[in-house]
Amino acid sequence: MSSLLEAQALNAFYGDFQALYEVELSINEGDVVAIVGANGAGKTTLLRSIAGLLKNDAHSIRFNGTPIGHYRADKVAKLGIALVPEGRQLFPSLSVEENLKLGATVGRKGHWSLHSVFELFPILKERRAVASTQLSGGQQQMVAIGRALMSNPDLIMFDEISLGLAPVIINSIYEQLPQVINQGTTAVIIEQDITRALSSASRVYCLQEGRVKLSGRTDELTRQQITQAYFGVAA
Amino acid sequence: MTEWLNAIVQGVLLGGLYALFAAGLSLIFGVMRLVNIAHGDLIVLAAYMALTTVMVMGVHPLLALLVVIPLMSIVGYILQRLLLNQTLGNDILPPLLVTFGLSVILQNMLLEAYTADPQKLNGGAIETASVSAGNLSIGILPLLTFVIAVLVIVCLQWIFYNTALGRQFRAVSDNQDIAQLMGLNKGHVFGLALALSLAVCGIAGVLLGMRTSFDPSIGSGRLIFAFEAVIIGGLGSLWGTLAGGIVLGVAQTVGGKINPGWQLLAGHIVFLLVLAVRPRGFFPRVEH
C-alpha cells in the first residue's frame, strides 16, 4: 500500500523549545488515524507541522512522495491537506456562507461544494447569512469542518474535534464523520476520548512528551498498552 | 448668515478630499494593522506622477488618472511584497520605522527630481467654474472631488463586503494563520491591499494637485489630516472615514472664517476634542 503522508525524523521547535522529537508517522490512503496523548504531548504541533504553520526540514514530511516540510501553509493547502483547527477558529467578520466559500480558495475540484456541505449540515443552510460568531459551538464546528471540506482535500485533519462541545453534539458530529471520510478522504483525528478514538479509527499513534510512544492498528492494540503509553506509567 | 453657511458647505466639500487622503490609510490599517507613515508622501508622489504625465502627454490632469492609478497600484504591490511584508510581525514598531524611512526617502527623491519649487496641475476652466444654489456658489472642482470621494468609499465598501477579494481582506485581517491554512497567500493579499490603497492615493494626489500647489515637503501635513479623519471617524469604518473627513473640513473652514490664522488650529482642536470625548471615534469597527 502506498503512503499518502509520511513523517520521518520530524523535529519541531517553538523558538528554542523542542516540541517534537524524531517523530515517525505513516498514513495510508483511506486510513482514519487517531492521535492520542496527554496535554502538551505534541499532538497539535504535529498537525501544525504537517499543515505548514510550523516550518520544518523539507524531507521530514512527505505527501505523495513530495517533500513538503518547508512549504508555507497555503502551498500545503493547495496540495490537498486541510486542517480543522482546535477551537474552530472561524473568521468572525465573515458570515457562515463566506467562511465556507473562503475554504474553497484553493480551487480543487471534487465532491464538496456549498451545495453538498449544506446537504451534510442542513442547519448551516438556514443560518448561511448569520455572522459565524452567533452560532452555537456545535454549529461552529460544522462550519469549521465544512470550510475544510470545501477545499476537497485528500487528507483532512481534525484537531480536538470534540473539545468544548456537549456530548450529544459530539455524537452527531461523529455520526456524520463516515460521510465525510467516505468521499475518498483520508483523515487524522486528535481526540481526548480514547474509547471514541479507537472505535472510529483504523490506526492509532500515541504521543508522549513529543515522541511516538506507541503506534499500530487499533484492533491489534490492547487498552492497557494505550493507557500505559498515554500516561507513561503502568496503569 | 450666508457666509457661515458657505463656510460649512466648503468645509463639507473639503472633507471629501480629506476622506480620500484617509481611505487608503484606513484600508491597510484594517487589513494588516500597518500604519503607513509614508502615506502623505505617496499622495504627493501621485501628484508628481500626474504632473509628469500631463507634461509628457499633454493631457488634462483628470485624464492623467488613467496612467497614475495603475502605476500607483503597481508601486503599491511591489512595495508591499519586497519591503513592507518583511516588516510585519507581532511587533508594530518595524513597519512604523520603515515607512518613516520611506517617507524621508520619497521626499528627497522628489526634491532631487522636481526641485523644491511649488507645482500645480492645471485643470483649466473646471478650476474656476461654479454652480449657484440660492445665495451660495459652489465650485465645480470641490463638488467633483466630493462626489469622487463618495464614489470611492462606495466602491471600497462594495469590494470589502461583496467580492471574493474583500472576503480575503477580511479573513487575513481576522486571523492570518487560519487564512493561510485556507490557501490564501497573505503576502499576496497584503500586496493587493496596498495596491488598492495607493490607487486611492493616486486619485487623491491628482485632486490635491488641481486644488492647490504642492511641493515635495507637504506629504506629512496630508498624513496628519488623513490620520485625524480616520481617528475622528473611527478605526476600520470606511463611511466613518468620510464623516471624519467632513468634520475636519468643516472645522477648518469655519475656524478660518472666524480668524484666517485659525484654520489648521481649529481642525486640530476639534480632533483633540473628539479624542477626549470619543476616543474610539464616531463609528468604530475594530475591536482591538
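Let's start at a turn: strands S9 and S10 of chain A form a hairpin with two residues between them, and Glu209(A) in that turn has a positive phi of about 50°. Helices (H or I, at least four residues) and strands (E, at least two) are DSSP runs, numbered from the N terminus. This is a predicted model, in which local features need pLDDT of at least 70 and side-chain atom pairs count only at pLDDT 80 or more, while totals for chains, interfaces and linings use all residues. Residues are numbered from 1 along each chain as its sequence is written, and chains are lettered from A and ligands numbered from 1 in the order in which they are written.

S9(A) and S10(A) run antiparallel and are joined by six bridges; two strands count as paired if DSSP finds at least two bridges between them. Leu207(A), for instance, has Val212(A) as its bridge partner in S10(A). What does strand S3 (residues 32-37) of chain A do with S9 (residues 203-208) of chain A? These two run parallel, with five bridges between them, and Val36(A) has Cys206(A) as its bridge partner in S9(A). Strands of a sheet pair through backbone hydrogen bonds, either parallel or antiparallel.

Step back, and the whole sheet comes into view. Six strands of chain A make an open sheet with mixed pairing, in the order S6-S7-S8-S3-S9-S10. Its edges are strand S6 (81-84) and strand S10 (211-217) of chain A, each of which pairs on one side only. On average, neighbouring strands of this sheet are turned by 15° against each other, direction ignored; angles run from 0 to 180 degrees between N-to-C directions, and axes are lines fitted to C-alpha atoms, for helices over the stretch in contact.

Helices lie across this sheet. Helix H1 (residues 43-51) of chain A lies across S3, S6, S7, S8 and S9 of chain A, at about 145° to S6(A). Helix H6 (residues 137-149) of chain A lies across S6 and S7 of chain A, at about 170° to S6(A).

Chain A has nine helices and ten strands. Its radius of gyration is 17 Å, close to the 18 Å that the globule rule gives for 235 residues, so chain A is as compact as a globular protein of that length. That radius is taken over C-alpha atoms, and the rule is 2.2 Å times the number of residues to the power 0.38. Of the 235 residues in chain A, 45% are buried; a residue is buried if 20 or more other C-beta atoms, placed from the backbone, lie within 10 Å of its own.

Where do the chains meet? The contact takes 21 residues from chain A and 14 residues from chain B, two residues being in contact if their C-beta atoms, placed from the backbone, lie within 7 Å. Helix H2 (73-79) and helix H3 (96-103) of chain A each supply at least two residues of the side that touches chain B.

Finally, look inside chain B. The axes of helix H1 (residues 2-32) and helix H9 (residues 219-233) of chain B come within 8 Å and cross at roughly 75°. That makes H1(B) roughly perpendicular to H9(B), a label for angles of 65 to 115 degrees. Among the residues making this contact are Tyr18(B) and Phe21(B) of H1(B) and Phe225(B) of H9(B).

Terms used
Angles under 35 degrees count as roughly parallel, over 145 as roughly antiparallel, 65 to 115 as roughly perpendicular and the rest as oblique. A residue is buried if 20 or more other C-beta atoms lie within 10 Å of its own, exposed if 12 or fewer, and partly exposed in between; C-beta atoms are placed from the backbone.
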